[in-house]
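The following exercises ask the student to read a protein structure step by step. Each task is followed by a worked solution.

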Amino acid sequence: MPLLEVRNVSKRFGGVNANIEISFDVAEGEILGLLGPNGAGKTSLFNSISGEVTPDTGEILLDGARISGLGPVSCAGLGVARTFQVVRSFDTMTVRENVMVGAFSRTASPRAAMQAADETMTFCGLSARADRPAWSLSPPEKRRLEVARALATKPRVLLLDEMLTGLTPTEAAEGVQLVRDVQARGVTIIMVEHVMEVVLPLVTRAVVLNLGRVLTIGSPAEIVRNPEVIRAYLGDRYAPA
Ligand SMILES: Nc1ncnc2c1ncn2[C@@H]1O[C@H](COP(=O)(O)OP(=O)(O)OP(=O)(O)O)[C@@H](O)[C@H]1O
Ligand SMILES: [Mg+2]
């Protein structure tokens, strides 16, 4: 049985069909890419999976049980965590306090939350920044903080929304290693990313969205050879010579 199932999910905002009848499965332990041009509906789908919005039709199942429509707190409690495309840290709080916010979804004890936060910061390479205010972090550190706060909720599924965007090649390579380390911990990952050279080596399969719909689902090799994907998203650079 797949760990996560997206079944026939549609979501409309006014006149915009952000997601149209989207269906796919995610296997436990997989890194799945969620790709597609700007406005394709990637973040909207993350919002439905993480419980922030309720799909108009369809449902999302975790381990066979419906999670769509339960709200973000319940979804986090059941093991779905995410990072945000536009970093959302609590700027005046310290890095440790930010990560503790995630940990409090698992414990009411400040001591236990602090311990969990410290362990997660070490894992994410943020220990040296623990007592700094979040606003003072560099852009790649802020991305790591998003990951750390999400991981502190002890997720089974982690949704990464453009966590490597805007980073230098060296910073992106460090981010890739962090993603691999998270997967090695047994966390299943769905990642939205635009830089194909970075995302395709990481993923087992990718779902490509276009205009709210699934254009195709396949292995990285299948994706880069698909003429429709080249036309809608990748561009001529990927066209067969
Ligand atoms: N809350 C909302 N209210 C109105 N329209 C929305 C809302 N959320 C998303 N949309 C619209 O839905 C469509 C899909 O947006 P979405 O943010 O999911 O795309 P995306 O694939 O994440 O794009 P990008 O790569 O630029 O981040 C867009 O046309 C967007 O304007
Ligand atoms: Mg987006």
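**Exercise 1.** Determine whether Val157 is buried or exposed.

*Solution.* Begin with the criterion: a residue is buried if 20 or more other C-beta atoms lie within 10 Å of its own, exposed if 12 or fewer, and partly exposed in between, with C-beta atoms placed from the backbone. Next, apply the count: Val157 has 25 other C-beta atoms within 10 Å, and therefore Val157 is buried.

The model is predicted: local features need pLDDT of at least 70 and side-chain atom pairs count only at pLDDT 80 or more, while totals for chains, interfaces and linings use all residues. Residues are numbered from 1 along each chain as its sequence is written, and chains are lettered from A and ligands numbered from 1 in the order in which they are written.

**Exercise 2.** State in which strand Val157 is found and which residues it is in contact with, leaving aside its neighbours within four places in sequence.

*Solution.* First, locate the residue: Val157 belongs to strand β7 (residues 157-161). Helices (H or I, at least four residues) and strands (E, at least two) are DSSP runs, numbered from the N terminus. Finally, consider Gly29: its C-alpha atom is separated from that of Val157 by 8.9 Å, although the two residues are 128 residues apart along the chain.

**Exercise 3.** Explain why strand β3 is described as largely enclosed by the rest of the structure, and identify the strands joined to β3 by bridges.

*Solution.* Step one concerns burial: 5 of the 5 residues of β3 (residues 31-35) are buried, so the strand is largely enclosed. Step two separates the faces: Ile31, Gly33 and Leu35 lie on one side, Leu32 and Leu34 on the other, and all are buried. Step three concerns pairing, which requires that DSSP find at least two bridges between two strands. Strand β8 (residues 188-192) runs parallel to β3 and is joined to it by 4 bridges; here Leu32 stands opposite Ile190. Strand β9 (residues 205-210) is likewise parallel to β3, with 4 bridges, and Ala206 is the bridge partner of Gly33.

**Exercise 4.** State how the protein is divided into domains and how far apart their C-alpha centres lie.

*Solution.* An automatic or database domain assignment supplies the bounds: domain 1 comprises 1-40 + 48-79 + 155-241, and domain 2 comprises 89-153. Their C-alpha centres lie 24 Å apart.

Methods: Two residues are in contact if their C-beta atoms, placed from the backbone, lie within 7 Å.
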